[in-house]
Structures are given as C-alpha cells and as structure tokens.
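I opened the model today to look up a few things. My notes follow the order in which I checked them.

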Amino acid sequence: TAPGQQLRALFYVLPPSESSFRTVEEVPDYVEKSIPFFIAFIGLEFAVSWVQKRKLSGRINDGISCLSLGILSRLPDVFFRSIDLISYIYVWNNYRLFELPWDSPWTWYLTFLGVDLAYYFFHRVSHEVNILWAAHQVHHSSEDYNFFTALRQSVLQRYTSWIFNLPMALFIPPSVFAVHLQFNLLYQFWIHTEVIANLGPLEWILNTPSHHRVHHGRNPYCIDKNYGGTLIIWDRIFGTFEAEDAKVVYGLTHPVNSFDPIMLQIHPLAHIWNTFWATPGFCNKLSVIFKGPGWGPGKPRLGLPEEIPVITGKEVPFNPSLPAYLNCYAVVHFAVITDLYTELLGTVTMLSQGTVLLRIGFIILSLTSFGLLLENRQPTAGILEIIRCLVFVGVYKLGYLRSQFSSLAYAYEV
C-alpha cells in the first residue's frame with residue numbers, strides 16, 4: 001500500500017475500490033505498515049500539546065510501559081496467524097450459509113457495520129464480565145491519555161474477542177473481514193488524545209477523542225460508557241452513551257501502580273483468584289468470575305454505583321522519582337529492544353524455533369527489567385538489569401540476537 005493509502009486507512013477512509021481483495025493472502029498488513037505513522041503522530045501530539053498547554057502530552061515511564069505492553073501483545077503473532085482469522089476462516093470453510101461477493105461495495109459497507117457492532121458488544125461484555133475485564137483492564141491502566149495509550153494492549157484479550165465475529169463468517173468472505181478487522185483497530189488509534197477537542201456534527205455519528213476520553217475516565221459519570229469502536233451510534237441506541245462533561249481523570253478506579261508489563265497482565269487475574277477462594281458459596285464463586293468487577297454478594301450484577309471512588313480533582317498519577325540518567329538509560333535500551341523486536345518480525349520465517357523462543361524470552365526479560373527500573377525498585381531492578389545485560393552480550397556474541405543495522409553491532413555491545 002502507498003503511504004497515502006496507509007494514512008487514509010488509519011482514519012477508515014480507504015474506499016471499497018482500494019481495499020477489496022479476493023483472498024486473505026492478498027490483504028496487506030495495514031497495522032504493521034502503520035507503525036511509522038504511529039511514531040509520526042506521537043511526535044506531532046507532543047508538539048501540539050506543547051504549543052497548546054506548554055507541557056508534553058505524556059511521561060517517559062508511562063510511555064515505555066504502553067509500548068512494552070504493545071510489543072508484548074503482538075508477540076503471539078510471531079508464531080501463528082491471529083485467532084480472529086483462524087476461527088473465522090474455519091467457520092467460513094465449514095459452515096457458511098451463502099457467499100456475498102467479495103468485490104461488492106455493499107459487502108464492504110455491511111462488513112464495516114458488522115465488525116463495528118460486534119466490537120461494541122465484545123467491548124461492553126469486556127467491561128461487564130469480570131474475567132474478561134481482567135484482560136481488558138490492561139488498556140485502561142494508564143493514568144495518562146495520549147497516542148501511547150492506544151498501543152497499550154492486552155495479551156489475553158484476543159482469545160475471547162474472536163467469538164463475537166463468527167456470525168459474519170456465515171456469509172461474509174474472510175478477505176473482506178480481514179480488512180475491516182484491521183481498519184476498526186487502526187481507527188481507534190487517533191481517538192486516544194487530549195489535543196483534539198469537539199468535532200461538531202461528527203460527534204453524533206463517529207467515536208471521537210471526546211467520546212473516548214469519557215470511556216477511559218474513572219470519574220463516576222464515565223464508568224461503563226461509550227463502548228463504540230468507529231461509530232458512537234451503537235452507544236446511543238443501546239443506552240451507554242455519555243457526553244464529556246467534568247474534567248476526566250484517567251485510569252482504573254483502583255490503580256495497579258506498576259510499569260511492569262507482566263504485573264499489569266497478571267495482577268487482576270490474581271485478584272480474581274483470591275476473591276474466588278475468599279467468597280463463600282458455589283454460585284457466589286461463579287459470580288465472581290462472570291458478573292461485573294464491582295459485584296459482591298448481595299449486590300447488583302455490575303456492583304453499586306455509590307461504591308465507585310469519588311474524584312476530588314487532586315488525584316496524583318503513579319510517578320516514582322527517577323534520576324534523569326536512568327530515564328535516558330531506559331529510553332536508549334528500549335530503542336535497542338524495539339530494533340531487535342522489529343528485526344525478529346522481519347526474519348521470523350528464516351529462524352529456527354529455538355532462536356525465536358530465545359529472542360522472545362529476552363524481549364520479555366528486557367521489558368520486565370525496564371518496568372522495574374522505571375518504578376525504581378532497587379536493588380531488584382539493578383540486579384535484574386545487570387543479569388539482562390550479561391545475557392544480551394552472550395547471546396549477541398553467539399549470533400542469536402541481531403540488529404537491523406549491522407553498523408550498530410559494536411555500539412550495542414558497549
């Protein structure tokens with residue numbers, strides 16, 4: 001895809017004539033090709049925020065945490081195709097009722113609506129069922145709201161979202177679905193920002209930064225609102241819409257207070273596990289898993305609204321004090337890991353499974369170490385980082401890790 005097409009794909013304005021394909025194999029990887037635009041928009045957001053408010057739109061610790069979670073969420077793709085597509089193609093091949101033409105604009109627009117409606121229901125269920133919320137809450141755990149937040153994704157969420165798309169596999173070709181699955185995700189990148197205010201009449205139809213700021217708020221009026229992906233009409237139809245009003249305070253009602261990507265993934269699961277065993281009665285134990293995260297014995301399915309912590313406006317984000325040199329160190333080493341991760345994606349088909357597993361293990365070790373460093377968890381962070389650097393030098397010398405830029409090999413070792 002040309003850069004102009006890729007940019008339009010980011011805003012879901014690539015028409016059927018430019019984004020219809022006969023087979024899934026022909027569908028471009030729009031998400032991977034969007035990475036340069038993600039970087040450019042993050043830089044632009046920083047510049048606009050500085051002009052508007054004389055402050056940057058994010059923090060180093062939260063930004064690296066978001067990017068770490070984004071990388072972690074994409075690591076399963078190294079091994080196999082998205083479970084969304086695997087399950088969809090299986091149903092299409094074995095159970096489809098009829099076949100809509102892949103090159104018809106009507107099929108394209110119907111799929112646009114179908115994918116967005118399926119996303120609405122999946123997203124809503126992910127907030128209203130505790131075990132699904134345990135995965136989805138990773139995306140809400142940032143106390144900042146910027147383009148970095150859009151990249152903050154869960155490893156586990158993809159293993160439940162696929163179910164909601166299967167009805168479309170009875171009649172919509174996989175190649176059409178594969179395009180809209182990506183477009184729906186890409187559209188949601190640019191709405192994660194505070195630098196774009198109200199968009200006028202578009203606010204009635206589209207999900208916008210204003211609507212999505214509400215969704216990410218922990219103010220009582222923001223809880224369980226504005227689930228739409230591309231369109232906000234589903235929220236207006238099903239009664240979950242809320243307009244932006246009082247200043248939004250972002251994050252979870254009970255913050256995890258960590259930058260460790262592994263901790264952010266498993267903390268809510270550990271909480272469910274502990275609550276499950278502490279709750280008496282078999283039916284109550286099941287309710288801990290399948291009712292809302294605010295539920296408790298004797299409470300409504302989604303919990304009591306009055307138990308949501310009140311927002312005072314004096315909330316302070318988790319922001320451990322860190323020397324400037326450590327922030328610089330984390331940024332430089334995270335850039336190295338990003339290079340190694342990108343090189344892995346580009347060469348995975350030529351590597352042995354053992355080498356792939358070794359590289360993934362090292363990436364996970366690195367992201368965890370950065371998280372502990374940014375929390376200033378000494379001496380654990382320092383010890384783990386020394387071990388990580390020694391491991392790096394060893395595996396790099398042996399050729400199991402490789403940069404995209406051979407000229408940087410010596411610099412990396414230093």
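I started with Leu156, which counts as partly exposed because its relative accessibility is 36%. My cut-offs are these: buried is under 20% relative accessible area, exposed is over 50%, and partly exposed is in between, with a 1.4 Å probe and protein chains only. Leu156 sits in the loop between helix H8 (147-150) and helix H9 (158-161). Helices here are DSSP runs of H or I with at least four residues, strands are runs of E with at least two, and both are numbered from the N terminus.

This is a predicted model, so I note its limits: local features need pLDDT of at least 70, side-chain atom pairs count only at pLDDT 80 or more, and totals for chains, interfaces and linings use all residues. Residues are numbered from 1 along each chain as its sequence is written, and side-chain values use heavy atoms, with hydrogens and water left out.

Which residues make the nonpolar surface patch? I listed Phe79, Phe80, Ile86, Leu156, Tyr159 and Leu357, together about 530 Å². Patch residues have over 30% relative accessible area and no salt bridge; nonpolar side chains (Val, Leu, Ile, Met, Phe, Trp, Tyr) are joined within 5 Å, like charges within 9 Å. The areas come from the Shrake-Rupley method with a 1.4 Å probe, and for residues only the protein chains shown count as cover.

Next, salt bridges. I counted a side-chain nitrogen of Lys or Arg within 4 Å of a carboxyl oxygen of Asp or Glu. The count came to 16.

I looked at Asp77 and Arg158, whose closest N and O atoms are 2.5 Å apart in a salt bridge. This pair links distant parts of the chain, 81 residues apart: Asp77 is in the loop between helix H4 (60-74) and helix H5 (83-95), and Arg158 is in helix H9. Is Asp77 buried or partly exposed? Asp77 is partly exposed, because its relative accessible area is 26%. Arg158 counts as buried, because its relative accessibility is 16%.

Then I checked Arg218 and Glu143, which meet in a salt bridge at 3.3 Å, N to O. They too link distant parts of the chain, 75 residues apart: Arg218 is in the loop between helix H11 (209-215) and H12, Glu143 in the loop between helix H7 (130-140) and H8. Both are buried.

Arg59 and Asp62 also form a salt bridge, 4.0 Å from N to O, and both are buried. They join Asp144 and Arg152 in a network of salt bridges.

I moved on to His192, in the loop between helix H10 (174-187) and H11. His192 is buried, because its relative accessible area is 2%. Which side chains does the His192 side chain contact? I found polar contacts with His139 at 3.1 Å and with His216 at 3.3 Å. A polar contact is a pair of N or O atoms within 3.5 Å; within protein, one must be able to donate a hydrogen and the other to accept it, and residues adjacent in sequence count only if both atoms are side-chain atoms.

Last, the records. UniProt, in an unreviewed entry, places "domain: Fatty acid hydroxylase" at residues 109-240. I found that span to be 50% helix and 0% strand. The entry also places "domain: Alkylglycerol monooxygenase C-terminal" at residues 326-414. That span is 75% helix and 0% strand.

Definitions and conventions
UniProt positions are given in the numbering used here, feature names are shortened, and annotations may be inferred rather than shown by experiment.
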